[in-house]
Amino acid sequence: MDRYIAGISLPSLSFWSHRKESAYTVAEEIGDLYFLNTSEYRLKLIFPHDFVDRDLSWWAVKEMYERGFEGDENQQKLVEVYRACLDVGIDPAVDVYDFIILTAVVKAGINISGTVFENPSRYRDGLDSYVRIKGEGVEKSLSLHLPPSQITELYIEDRKPSEDNFPDAKLTPGQWRDLVSFLQPGIREKVIRLGILKDADENGRALVGKILKDSGFAEVYFRERKL
Amino acid sequence: MRKKASSPRYFYLIFSVPVVLLVFLLSLELRDKKIEEAANKIRRLEELVTARQIYRNVIYTEVKESLIVDKRSLFTINYIVTAGVDLSSGFTLKADGNRIVVTYPYPKILSIDADESSIDEYFALERFGKIRQSDYLNKVYDERERIRSEALGSELLERADRNLQNLISGILHDRGIEEIRYQSVGKGGGSES
C-alpha cells in the first residue's frame with residue numbers, strides 16, 4: 001500500500017488506520033427462467049493485454065487517440081481500449097506493467113424460456129415440430145430438434161483482493177462497473193471464437209440423448225431442422 | 001611465534017552459512033507469494049436452471065490511513081442467485097406401468113454472483129489517497145455468504161422445484177403422458193401430477 005506525505009513513505013501503524021464496512025439488503029426480486037446449461041468457460045483475463053494483439057505499439061494507439069484519428073474498425077477498437085485504460089488510471093503507452101485481473105465465467109446451453117418447450121399447451125401444434133416417436137417397445141426411437149445453443153450467463157467472478165496476490169487496482173466501484181460493462185461484449189466474442197456454442201450443442205445432445213435412451217428409447221436422432 | 005587463536009576465517013564461515021540459508025529461504029517464500037494460478041478452465045455442465053432471485057445490496061466502505069488519507073464509497077449492487085437441478089447427480093425418466101416416474105436431485109443454489117454492471121455509485125470520496133479494489137471488493141465478496149443464507153431461507157428452492165415439475169409435466173402431457181410421479185432425492189420427497 002502507498003501512503004505518502006511529500007515523498008516520504010510512512011510506516012504502517014495500526015492505530016493510524018481504520019476500516020469500516022456495512023451493508024444491507026434493500027430489495028429482492030424472484031423470477032422464473034429455464035436454461036439447460038451444458039458448457040462453461042472460465043477465463044482468467046488480464047486487462048488490457050488480453051484484449052489487444054501482443055505486439056501492439058501502444059505509442060501508436062496513444063497518438064491515434066490524441067489526434068482523434070478515426071481509422072478502420074480495428075483501429076477504432078484499439079482507441080476504445082486505450083480510452084478504457086485511461087478511464088481506470090492506466091496508460092500502457094507509458095507503463096506496460098499496470099494491469100487489472102478478472103475471471104470471466106460464461107455458460108452456454110439451450111434457453112428454454114419463452115419457447116414451446118416451456119409451455120407446449122400455449123402453442124397450437126405443441127411439440128409436433130420438435131419431437132417425433134416411431135416404433136414400439138424395444139425398437140422405439142425418437143427424432144428430436146433441439147434449439148441451437150446460446151450464451152445463457154456471462155459474469156465476472158467475484159474476487160477477494162486481500163486473498164490473492166494480484167495488483168490491487170485503483171478503481172472506484174463506478175469505474176469497475178464501467179470497465180466490466182465495456183469488456184463484456186469482447187468476452188462474449190472471445191468465447192464464441194473459442195467454441196463454446198459448439199461445445200454446448202454437442203454436450204446438450206449427449207445429455208438429452210442419454211436421458212432419453214435410459215428412459216427406454218433404442219435410438220435418439222437429432223435433426224438440424226424442425227420436423 | 002604463537003599461532004593466532006580462532007582465525008577470523010572460521011567466524012565468517014560459521015555465521016555466513018545461516019545468513020545464506022536465511023536469504024535463500026526468504027527468497028523462496030517471496031517467490032511463492034508472487035506465483036498465482038492463471039489457468040483457464042473449460043468444463044461440461046449438466047444443469048437445468050429454473051429460478052432466479054435478485055438481491056439489491058447497499059454497501060458503505062470507509063478507509064482511513066496515516067491520519068490524512070480518507071477514502072469512502074457508497075453504492076448499491078445486485079446479487080444474482082440462480083437455482084435448479086444438477087442433472088449429473090442423477091436424473092431419470094422411467095416407465096412404471098401407465099405412468100412415468102421422474103427421479104431427480106432436489107434443486108440447489110447453482111450460482112451466486114455480484115453483478116458489477118448493476119453498480120449504482122452514490123459517491124466515492126478520495127482524500128490524499130486513491131480508492132482501491134480491496135477497499136470494497138472484499139466486502140462485496142463476503143456478502144455472498146449472507147445472501148446465500150437469505151436465499152436458502154426464502155422460497156427460491158421451492159420455486160425452482162415447482163418450475164422443474166411444471167416444465168417436465170408440460171412436455172410429457174404434450175406427448176400424451178398424463179400420469180407422472182416425481183421423486184426428488186434430498187429435501188422434499190416426491191409428488192404426483
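This is a predicted model: local features need pLDDT of at least 70, side-chain atom pairs count only at pLDDT 80 or more; totals for chains, interfaces and linings use all residues.
Strand 4 of chain B is joined to strand 3 of chain B in the antiparallel sense over 5 bridges, and B:R99 is the bridge partner of B:D96. The hairpin formed by these two strands has 2 residues between them, and within it B:G97 adopts a positive phi near 70 degrees. Strand 4 of chain B also runs parallel to strand 6 of chain B, residues 180-185, to which it is linked by 6 bridges.

Chain B as a whole contains 3 helices and 7 strands, arranged from the N terminus in the order α-β-β-β-β-β-α-α-β-β. Of its 193 residues, 30% are buried. Among the contacts in chain B with a separation of 6 or more, 77% are between residues 24 or more positions apart.

The interface between the chains brings 72 residues of chain B into contact with 67 residues of chain A. On the chain B side, the elements that contribute two or more residues are helix 1 (8-34), strand 1 (41-65), strand 2 (69-86), strand 3 (92-96), strand 5 (108-127), helix 2 (134-152) and helix 3 (156-174). Strand 1 of chain B makes the greatest contribution, with 25 residues. By residue class, the side of chain B that touches chain A comprises 31 nonpolar, 14 polar and 27 charged residues. Within strand 1 of chain B, B:E47 is the residue opposite A:N37.

Helix 4 of chain A, residues 196-214, comprises 19 residues and spans 27 Å from its first C-alpha to its last, close to the 27 Å expected at 1.5 Å a residue. The buried residues of this helix are A:I196, A:D199, A:A200, A:D201, A:N203, A:G204 and A:L207. An α-helix has 3.6 residues a turn, so residues three or four places apart point the same way. The buried residues of helix 4 of chain A pack against strand 3, strand 4 (100-111) and helix 3 (173-194) of chain A, and also against strand 1 of chain B. Just beyond helix 4 of chain A, A:G216 has a positive phi of about 125 degrees.

Most residues other than glycine have a negative phi, and most peptide bonds are trans. The peptide bond from A:F47 to A:P48 is cis, with omega near 5 degrees; A:P48 is located in the loop between strand 3 and helix 1 (58-67) of chain A. In chain B, B:S66 is not a glycine, yet has a positive phi of about 50 degrees. B:S66 occupies the loop between strand 1 and strand 2 of chain B and is classed as partly exposed because it has 18 C-beta neighbours inside 10 Å. B:F128, likewise a residue other than glycine, has a positive phi near 60 degrees and is situated in the loop between strand 5 and helix 2 of chain B. With 14 C-beta neighbours inside 10 Å, B:F128 is also partly exposed.

Notes:
Residues are numbered from 1 along each chain as its sequence is written. Chains are lettered from A and ligands numbered from 1 in the order in which they are written. Two residues are in contact if their C-beta atoms, placed from the backbone, lie within 7 Å. Helices (H or I, at least four residues) and strands (E, at least two) are DSSP runs, numbered from the N terminus. Ala, Val, Leu, Ile, Met, Phe, Trp, Tyr, Cys and Pro count as nonpolar, Asp, Glu, Lys and Arg as charged, and the others, Gly among them, as polar. Two strands pair if DSSP finds at least two bridges between them. The expected span of a helix is 1.5 Å times one less than its number of residues. A residue is buried if 20 or more other C-beta atoms lie within 10 Å of its own, exposed if 12 or fewer, and partly exposed in between; C-beta atoms are placed from the backbone.
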